[in-house]
Amino acid sequence: MNVEELVCNQASTIKEVMMCIDQNAKRTAFIVDDEKRLVGIVTDGDIRRLLLEGYGLNQIIEKYMHKNFVYASKGDEPGVIRKKFSDSITIIPVVDENMRLIDFSEYNENVHISLAQPQLNGNEYKYLMDAFLSTWISSTGKYVTQFEQKFAEYCGVSYGVATSNGTTALHLALAALGIGAGDEVIVPDLTFAATINAVLYTGATPVIVDIEEDSWCIDPEQMQKAITPHTKAVIPVHIYGQPCDMGRIIQIAQEHQLYIVEDCAEAHGAEWDHRKVGSFGVISCFSFFGNKVITTGEGGMCITDRKDLNDKMRMLRDHGMSREKKYYHEVIGFNYRMTNMQAAVGVAQLERIDQILDWRLALEDKYRDLFAGVAGIQMQKNDFANRKKIAWLVSVLIKEEKRDRVLQLLKDNQIDARAFFIPLSEMEIYKDYVKDCTISKKMSKMGVNLPTTSEIDEQKVKKIGALIRSIL
Ligand SMILES: *Cc1c(COP(=O)(O)O)cnc(C)c1O
């Protein structure tokens, strides 16, 4: 639409402005002076209020228009203009250096593509309402038990202990293993901060090691090098849906009698050697945050084959209260419980996990096709012999010198993509724990997570592909 269709002169009457707004259907008129300089804005709401207050149709608009308005300047980056939009401001005039109106910009929410909206269109609402109407809305209820049993079974493990989120799951696992001050726990450099924070909560010392260049997961050889007599555990993180080299990690852990606590927050359903991730650790931890493979809003779970650890985690999760004697606390515990309402959503999500994983993989394949043979971009590797990755957030590497331009272009087009995690080694608060990490630094400067979101369709994937290729 031509901006002229939104323009009225400051000498226009209320009636003329009303007619202008009526015709342009943009609920807005831009008011200019005789030099075509923008001097005010009027919306249909303003007109309605004027009429209700009894002003006549023939009043001159100049007295009543907004003289303090939001506008953009010629040459402003789309990202700059986008920041000016709000719930009430969805159309913004663009002016030249002399305040002359030259264009306008409109916010269109259909254009926006989010990073990871969940799919909640199965039985989620039904079970959630069932839990809600049952009045069992805290952490006792049938859905918590069902979710724990079914999710553990899905992973091929005996017990599940649902938690309030993935971070508390990690902390609960380490606490149940008795890890604390004086112990060392090895973590990969490329991960979300929760992995290392959970170690720090226990008072143990994290040891940050480098990743493999091709899988982006913890490098077993670097892990081995970092082992000392104080090392108690290692937390392999199946990053961006890619399983770690569990064969080698298990071998090293057995040699040195280390606990393996898998961080599976990004890899529900992934497999190593035909076994699901989560079935290798003495305890393994999952997250069900809104952007994970399946979600409960906030939520997490520890799974284990060991009955003693299952019991211990339940006790610690529930304030450290004795199972025999109510309100007698044996240890200093936590409240890390999941609610029945969250678990209800989880049960429904789990019913469809295979479908959700297939859908994610198909989406990743669409991106894979788009970027096949394009120089400067590389999809996450999916042809390791023993590893069956899942598609969490579709992840690619882009030439370092182009990466930030790609991110900016996507942002300007209202597409939520995201840079890889900043390696732990690059953050001040973790600097005391770092071993030599060069590969993770390199990969994190190249990595991009692309929209892997329920609202996406073929056309949007193509649009994203075309934008990225325009820079490469
Ligand atoms: C999301 C995530 C977590 C933490 O899960 P929350 O549920 O957000 O607390 C831990 N580790 C990794 C690798 C994650 O991606």
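**A colleague's note on the predicted model**

1. Let me start with helix α15, where the buried residues are Lys460, Val461, Ile464, Gly465, Leu467, Ile468 and Ile471. Seen down the helix axis, these buried residues fall within an arc of 160°, so they line one face of α15. On the other side of the helix, Gln459 and Ser470 are exposed. Please keep in mind throughout that this is a predicted model.

2. What do the buried residues of α15 pack against? Their partners are the helices α12 (353–371) and α13 (400–412), together with the strands β16 (377–379), β18 (394–398) and β20 (447–450). As for its length, α15 covers residues 458–471, which makes 14 residues. From first C-alpha to last, α15 reaches 21 Å, close to the 20 Å expected at 1.5 Å a residue.

3. The C-alpha atoms fill a box of roughly 85 × 55 × 40 Å, taken along the principal axes. Of the 472 residues, 53% count as buried. Among contacts between residues at least 6 apart in sequence, 66% join residues at least 24 apart.

4. Strands β8 and β9 deserve a look together. In which sense do β8 and β9 pair, parallel or antiparallel? Strand β8 (residues 184–188) pairs with β9 in the parallel sense, over five bridges. Within this pairing, glutamate 184 stands opposite threonine 205 in β9. The chain gets from β8 to β9 through helix α7 (residues 194–201), and this β-α-β crossover is right-handed. Strand β9 (residues 205–209) is mostly covered, with four of its five residues buried.

5. Is isoleucine 218 buried or exposed? Its relative accessible area is 0%, so isoleucine 218 counts as buried. Leaving aside neighbours within four places in sequence, its contacts include Ile186, Val187 and Pro188, and β8 spans residues 184–188. Val209, Met223, Val234, Cys244 and Ile249 are also among the contacts of isoleucine 218. By contrast, aspartate 130 is 88 residues from isoleucine 218 in sequence and 42 Å from it in space, C-alpha to C-alpha.

6. Serine 279 is another loop residue worth checking, placed between β13 (275–276) and β14 (283–287). With a relative accessible area of 11%, serine 279 is buried because that value is under 20%. A polar atom of the serine 279 side chain lies 2.6 Å from the backbone oxygen of lysine 276. Beyond neighbours within four places in sequence, serine 279 is in contact with Cys155, Val157, Glu262 and Ser284.

7. Finally, two backbone angles to inspect. Most residues other than glycine have a negative phi. Threonine 135, although not a glycine, has a positive phi of about 70°. Threonine 135 lies in the loop between α4 (124–133) and α5 (142–155), and it is exposed, with a relative accessible area of 61%. Glutamine 257 is not a glycine either, and its phi is positive at about 50°. The loop that holds glutamine 257 runs between α9 (246–255) and β11 (259–263). Glutamine 257 is exposed, with a relative accessible area of 71%.

Technical notes: Residues numbered from 1 in each chain as written. Predicted model: local features only at pLDDT ≥ 70, side-chain atom pairs only at ≥ 80, totals over all residues. Heavy atoms only, no water. Buried < 20%, exposed > 50% of the residue type's maximum accessible area, 1.4 Å probe, protein only. Helix = DSSP H or I, 4+ residues; strand = E, 2+ residues; numbered from the N terminus. Pairing = 2+ DSSP bridges. Right-handed = clockwise from strand over helix to strand, strands pointing away. Expected span 1.5 Å × (residues − 1). Arc of directions from axis to C-beta. Contact = heavy atoms within 4.5 Å. Polar contact = N/O pair within 3.5 Å; in protein donor to acceptor, adjacent residues only side chain to side chain.
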